Amino acid sequence: MRVGRLTTVMSATAGVALLLAGCGGGDAAGGTGENALPGVDQFLNAPCPEAGVKPAADKEFKYWSMWTADEPQGKVLQKAFKCFQEKTGVKVDVQWLGRKAYTQNLVPALNTDAVPDLFDQDVSKVGAAIMTPGGTQSVDDVFAMKVGEGDKTVKDVLSPSSYDFPQNKDREGHNFMVPYTIQSSAWWFNKDTAGDIQQPKTMDEMVGLFDKAKSDGKAAISLDGDIPFYNMYFYTQLAERYVGAGGIYKAATDKTGQAWKTEPGFLKAATETAKLPKYFIDGWDAAKFPQVQQRWADGDSRFLYVGSWAPSETREYLDKQGAGTKINYGSFQFPMPEGATHDTVEQMSIGFSVTKKAKHAEAAKAFIAYFLNKDLLSGIPAVADNLVPRADLAVPDDLKQVKAALDDPKKEHVLQYDGIDGIAGGKWQTDVFDPADIALLKGQITPQQFVEQLATKGAEFWKNQG
């Protein structure tokens, strides 16, 4: 995310499936309960930094947010709005629309004049749903704007790997998003009950951890199986390590479907994936999110594989329970399966984009630069317990192992799920991948049948696309 390279063959889009079931949703991180973070009050009560850029003409701009006002991210942004108005005189007209804002609100508005000046979402969704139909404008000029720290510009403070990659370029090669949050994924555990587990070097070592959990009378893995992209994690994580960044995307967009059968890594990954479901907690495929994740937080299972929002999300749940329960979060990455040659780590950038029809682009872009000031952006780790694309800001203790993996220069960075969730506006995932994936996880088909189904159904899908 910071130091590690972003390979140029990372897949090009992602689409309508929600990236985050919660991504730190709720207000626990900004609360005062047992699980409140120590830096919340300090951030919220700190003085406002000076603005590096003050709009010459605009006195307001409209922003549609992917957050809700009571979420930790919403609280951070609300302080930034207050500060921006105090330091520049520009008012922010915000609508808190939540995760589906880009599909339910923004996409339908693209052909009207009722669009916001500024919006935020992960780079893949912006690329697939907003940039592709021409709904964004270049934000290249933002990178030269001062952030309010002397002569430091946006480009000076952001880690290049957080924005300088093919999936953040429009048809003319311009950046269409400026990031303020970085996410990844990991296996999560409670150090106080599982011990300080070290990174397993092989799949056998990882499976040994699952066997140990069962011998201790615990379910090994919690999985909310009603969330399709949670189910996607296992196969895609393993397949990426065989075929590298862009490899799954390339197979998924092969109109003949034959790539699934000609690349042996896909079958190997399916074979490894099929070893995991016997360790899933009972009821994983019948519960409604976040019931199974909460069972992990309650200690019913030992491991949970989700995104880097896991600590924030489960801390919220525990805080609302009011039982004084805490988790000492630890994490590790998938190990390299036998025969794999790509040591990968997934990342996803979330940030701001400016609409093509923005009436107040000057103010919107000035706000982007202002929010990246260290005194404001520090609220993302301090309040929302998330990672940021500035290397000079604090890393939450919960996420230090994830951050170390992202910063490892030996690792190959991959867009989350290799971008297959955005192919054909998300329809390839829902029509082709999800049915095969859930059948594999339930043991209804063999790894060989899984690969053959992707090949056959993939070819049918592309034929029907015309």
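Predicted model: local features only at pLDDT ≥ 70, side-chain atom pairs only at ≥ 80, totals over all residues.
**Entry 1**

Residues are numbered from 1 along each chain as its sequence is written, and side-chain values use heavy atoms, with hydrogens and water left out.

I then looked up how S4 and S10 are joined, and found that they run antiparallel with 5 bridges between them; two strands count as paired if DSSP finds at least two bridges between them. Phe119 has Ser353 in S10 as its bridge partner.

Which other strands pair with S10? Strand S11 (residues 412-415) pairs with S10 in the parallel sense over 4 bridges, and Thr344 stands opposite Glu412 in S11.

I also checked burial, where buried means under 20% relative accessible area, exposed means over 50% and partly exposed lies in between, with a 1.4 Å probe and protein chains only. In strand S10 (residues 344-354), 11 of the 11 residues are buried, so the strand is largely enclosed by the rest of the structure. S4 is mostly covered too, with 5 of its 5 residues buried.

**Entry 2**

I followed S4 to S2, which runs parallel to S4 and is joined to it by 2 bridges, with Tyr63 having Leu118 in S4 as its bridge partner.

Next I turned to helix H3 (residues 101-109), where I found Ala101, Tyr102, Leu106 and Ala109 buried. Why do they sit on the same side of H3? They cover an arc of only 100° around the axis, which puts them on the same side; the arc is that of the directions from the helix axis to the C-beta atoms. On the other side of H3, I found Gln104 and Pro108 exposed. The cover over the buried residues of H3 includes strand S2 (60-65), strand S4 (118-122) and helix H4 (123-131), where contact means heavy atoms within 4.5 Å.

I looked up an open sheet of 4 strands, whose order is S7-S8-S6-S9 and whose pairing is mixed. Its edge strands are strand S7 (219-222) and strand S9 (329-332), each of which pairs on one side only. Strand S6 (residues 185-190) and S9 pair in the antiparallel sense over 4 bridges, and Asn190 stands opposite Tyr329 in S9. H8 packs on this sheet, touching S6 and strand S8 (301-307), and the direction of H8 makes about 85° with that of S8.

Last, I looked at helix H8 (residues 228-243) and helix H11 (residues 264-273), whose axes come within 8 Å and cross at roughly 140°; axes are lines fitted to C-alpha atoms, for helices over the stretch in contact, and angles run from 0 to 180 degrees between N-to-C directions. Among the residues that meet there are Phe234 and Leu238 in H8, and Phe266 and Ala269 in H11.
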